[in-house]
Amino acid sequence: MSDDEEYEYEYDDDEMEEEGLQYTDEEEEADDGEVALENAYYNSKGLREDDLKEAADSFEQVIIQEHEELSSKGSEKKYGQWS
C-alpha cells in the first residue's frame, strides 16, 4: 500500500443514524459575555510585556467583569476560571 492510494468508504445516511453517528457543521454557540471575558483576559496577558501597571489594571477589570458575569447568571461562585 502506498500513500497515494485512494480509499472509498460506502456509507449511506441510514447506516450512520443506526450506529448513532451523526455529523454536523454546527458549532456550539458561546455566550457573548464569556467570549468578551476571555478576550479581555488574553488582552491583559499581552499587556504584561509592554506595561506591567496597565496589565495589572486590566487584570483587575477582568476579575470585576467575571464577578459581574457570575452574578448576572445567579451563580454563588466568587471566582471563575479567569480570576
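The count of aromatic pairs in this structure comes to 2. In one, the rings of tyrosine 41 and tyrosine 42 have centres 5.0 Å apart and planes at 80°, so this pair is edge-to-face. The model is a predicted one. A search of the whole structure also finds 3 salt bridges.

**Aromatic pairs**

- The cut-off for edge-to-face is over 60 degrees between the planes. Tyrosine 41 and tyrosine 42, with planes at 80°, are therefore edge-to-face.
- Tyrosine 42 has a relative accessible area of 43%, so this residue is partly exposed.
- Tyrosine 41 also pairs with phenylalanine 59, again edge-to-face. Here the values are 5.8 Å centre to centre and 65° between the planes.
- This second pair links distant parts of the chain. Tyrosine 41 is in helix 2 and phenylalanine 59 is in helix 3, 18 residues apart.
- Phenylalanine 59 is partly exposed, with a relative accessible area of 24%.
- Tyr41, Tyr42 and Phe59 form one aromatic cluster.

**Salt bridges around lysine 73**

- Lysine 73 forms a salt bridge with glutamate 34. Their closest N and O atoms are 2.8 Å apart.
- Lysine 73 counts as partly exposed at 46% relative accessibility. Glutamate 34 also counts as partly exposed, at 41%.
- The side chain of lysine 73 also meets that of glutamate 69 in a salt bridge, at 3.7 Å from N to O.

- Aspartate 57 forms a salt bridge with lysine 53. The closest N and O atoms are 3.1 Å apart.
- The two residues are 4 apart in helix 3, so about one helical turn separates aspartate 57 and lysine 53.
- Aspartate 57 counts as partly exposed at 33% relative accessibility. Lysine 53 is exposed, with a relative accessible area of 56%.

**Negative surface patch**

- Glu49, Asp50, Asp51 and Glu54 gather in a patch of negative charge on the surface.
- Where does aspartate 50 lie? Aspartate 50 is in the loop between helix 2 (32-47) and helix 3 (52-72).
- Is aspartate 50 buried or exposed? The relative accessible area of aspartate 50 is 68%, so this residue is exposed.

Definitions and conventions
Residues numbered from 1 in each chain as written. Predicted model: local features only at pLDDT ≥ 70, side-chain atom pairs only at ≥ 80, totals over all residues. Heavy atoms only, no water. Patch = residues over 30% accessible without salt bridge, like charges linked within 9 Å, V, L, I, M, F, W, Y side chains within 5 Å. Areas by Shrake-Rupley, 256 points an atom, 1.4 Å probe, with all protein chains shown as cover. Salt bridge = Lys/Arg side-chain N within 4 Å of Asp/Glu carboxyl O. Lys, Arg positive; Asp, Glu negative; His and termini not counted. Charge placed at Lys NZ, Arg CZ, Asp CG, Glu CD. Buried < 20%, exposed > 50% of the residue type's maximum accessible area, 1.4 Å probe, protein only. Phe/Tyr/Trp six-rings, centres within 6.5 Å; stacked < 30°, edge-to-face > 60°.
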